[in-house]
Amino acid sequence: MVALSVGVVLRRHRHVSVELFHHILGPRSRAAYQALICLLIAGFAAVVLPYAWQYAQNGTWQTSPTLKVPMLYIFFSTVVMFALLLVYGVIGFLEGLVASFRSPERTVSEKP
């Protein structure tokens with residue numbers, strides 16, 4: 001369940017983060033900061049993903065003792081997790097990048 005929900009957690013920005021100076025940043029700086037965080041997470045997932053695949057392949061010759069299910073299906077959850085982190089990390093990076101360069105929206109009182 002954790003492997004399947006990791007993408008949604010990253011997408012909704014509900015992951016664990018340190019907010020030491022987050023409150024003093026402006027909207028553009030927050031978006032750039034979020035883009036940086038998503039880029040780091042996606043980079044980490046891209047580095048780890050091939051090793052997760054190697055780990056999952058270890059399960060091809062192993063079966064669970066009681067259910068006799070190939071462990072490949074169990075170990076494949078790590079591949080799914082890092083693939084989802086990579087996809088949603090790239091999406092979050094692009095959204096943060098667009099938001100940091102977007103012009104600030106006018107408030108209701110400024111509209112004609």
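Apart from its neighbours within four places in sequence, Ser64 is in contact with Val69 and Met71 in this predicted model. Ser64 lies in the loop that runs between helices H2 and H3. Its relative accessibility is 12%, and Ser64 therefore counts as buried, the cut-off being under 20%.

Two packed helices are described by the angle between their axes and the distance between the axes. The crossing of H2 and H3 is left-handed. The residues of the contact of H2 with H3 comprise 28 nonpolar, six polar and one charged.

Helix H1 spans residues 2-11, and its buried residues are Ala3, Val6, Gly7 and Leu10. These residues cover an arc of only 90° around the axis and so lie on the same side of H1. An α-helix has 3.6 residues a turn, so residues three or four places apart point the same way. The cover over the buried residues of H1 includes H2 and H3. Just after H1, His13 adopts a positive phi of about 55°.

Definitions and conventions:
Residues are numbered from 1 along each chain as its sequence is written. This is a predicted model: local features need pLDDT of at least 70, side-chain atom pairs count only at pLDDT 80 or more; totals for chains, interfaces and linings use all residues. Side-chain values use heavy atoms; hydrogens and water are left out. A crossing is left-handed if the near helix is turned anticlockwise from the far one by less than a right angle, and right-handed if clockwise. Helices (H or I, at least four residues) and strands (E, at least two) are DSSP runs, numbered from the N terminus. Ala, Val, Leu, Ile, Met, Phe, Trp, Tyr, Cys and Pro count as nonpolar, Asp, Glu, Lys and Arg as charged, and the others, Gly among them, as polar. Buried means under 20% relative accessible area, exposed over 50%, partly exposed in between (1.4 Å probe, protein chains only). Contact means heavy atoms within 4.5 Å. The arc is that of the directions from the helix axis to the C-beta atoms.
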